[in-house]
Amino acid sequence: MKLASLKNDSRDGKLVVVTTDLSRCRAVPEIARTLQTALDNWKAKAPLLAQAARELNSNANMGEPYREENAHSPLPRAFQWADGSAYVNHVELVRKARKAEMPASFWTDPLMYQGGSDNFLAPHDPIAIADEAYGIDMEGEIAVIIDDVPMGADLDQAAASVRLIMIANDVSLRGLIPAELGKGFGFFHAKPSSAFSPVAVTPDELGPNWQDSKLTLPLLVDYNGSPFGKANAGIDMTFNFAELIRHAAKTRPLCAGTIIGSGTVSNKLEEGPGKAISEGGAGYACIAEIRMIETIETGAPITPFMKFGDTVRIEMLDAAGNSIFGAIQQTVEKYAPSKTN
């Protein structure tokens, strides 16, 4: 089934079930008013939501038109957002570009940071940033919403905890990252609000494209209206979601509604780093990666980070060319503080 949260006058939105073709939706207050409410009692609520979805899909006269521009991120805020770096190729390029050795442990022990989860961007909201000099970048990712996971969970428990799958834009401010990491205490200012797809889907909705806790389809990233990336999310994923969830639960339990991210989707070539789509490659899911390759090849980056007015669209299509999650479509704009009396 497919679920979404429509914007309303509450912070957590209005839960709706959405048709498979993303054309219609239906609120289900008799089951749960918000997605977090459903997640808190998933065992009881999921069968009811699934039945509501089947009824909606089978009755063209039921529900109302679904417009993704009215959608918030499926969880407008969450108890926890932990983002990994499962595509180690991406990390290796970062370090190679600055001539830093890659620790061997990066291939066996996932990297992960805890991002802000109190205020996600809606998938069609602008990315409002105060200064272009911060180095504005998008990061196309896959993310899962999980059920309760006990501390010390094994891989089977972790894999079974996945309730919903989304795509994400984990916005990064690259110009602020070095100084923050230099303090030895991780990201904060460099990681503003992220955005997630208009719709979250259950694993069964993906059929054979959800295998071994991986989503095996290309993630399509358009930048200023042109194809920028089409890396397959199931290729070059060093750590699958079961491994990421197990890692996150090593020393703490995870509560229902926790979001776990994959990190930037990244593919490589046998002979070296990935190539742009225009050169026959899979392209990139973030600007930093192409800048790293430019640095490796020419000694300096060429592609600038995002400017005010730039746009990004992130989407994933099924084998028939239909949108699975809807599209994240955002424009970078200058932040203007609200005026209060």
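Me: What should I know about numbering and confidence before I start?
Reply: Residues are numbered from 1 along each chain as its sequence is written, and side-chain values use heavy atoms, with hydrogens and water left out. Because the model is predicted, local features need pLDDT of at least 70 and side-chain atom pairs pLDDT 80 or more, while totals for chains, interfaces and linings use all residues.

Me: Which residues of helix 6 are buried?
Reply: First the general idea. An α-helix has 3.6 residues a turn, so residues three or four places apart point the same way. Helices are DSSP runs of H or I with at least four residues, strands are runs of E with at least two, and both are numbered from the N terminus. Buried means under 20% relative accessible area, exposed over 50%, and partly exposed in between (1.4 Å probe, protein chains only). Helix 6 covers residues 241-248, and Phe241, Ala242, Leu244, Ile245 and Ala248 are buried there. Those buried residues fall within an arc of 160 degrees seen down the axis, so they line one face of helix 6. The arc is taken from the directions from the helix axis to the C-beta atoms.

Me: What caps the N-terminal end of helix 6?
Reply: Asparagine 240 does. A side-chain oxygen of asparagine 240 lies 3.2 Å from the backbone nitrogen of alanine 242.

Me: What span should helix 7 have?
Reply: The expected span is 1.5 Å times one less than the number of residues. Helix 7 has 12 residues (287-298), so it should span 16 Å; its end C-alpha atoms are 16 Å apart, which agrees. Its buried residues include Ile287, Ile290, Met292 and Ile293. Glycine 299 follows helix 7, with a positive phi near 95 degrees.

Me: Where are the buried residues of strand 6?
Reply: In a regular strand the side chains alternate between the two faces of the sheet. Strand 6 (residues 81-84) is covered on both faces. Trp81 and Asp83 are buried on one side, Ala82 and Gly84 on the other.

Me: Which strands pair with strand 6, and are they parallel or antiparallel?
Reply: Two strands pair if DSSP finds at least two bridges between them. Strand 7 (residues 112-115) runs antiparallel to strand 6, with four bridges. There, glutamine 114 is the bridge partner of alanine 82. Strand 19 (residues 259-261) runs parallel to strand 6, with three bridges. Isoleucine 259 is the bridge partner of tryptophan 81.

Me: Is glutamate 139 buried or exposed?
Reply: Glutamate 139 sits in the loop between strand 9 (136-137) and strand 10 (140-146). Its relative accessibility is 5%, so it counts as buried. The side chains of glutamate 139 and lysine 191 are joined by a polar contact of 3.0 Å. A polar contact is a pair of N or O atoms within 3.5 Å; within protein, one must be able to donate a hydrogen and the other to accept it, and residues adjacent in sequence count only if both atoms are side-chain atoms.

Me: Is aspartate 212 buried or exposed?
Reply: Aspartate 212 lies in the loop between strand 15 (210-211) and strand 16 (214-215). At 57% relative accessibility, it counts as exposed. Its C-alpha atom is 8.4 Å from that of alanine 159, 53 residues apart along the chain.
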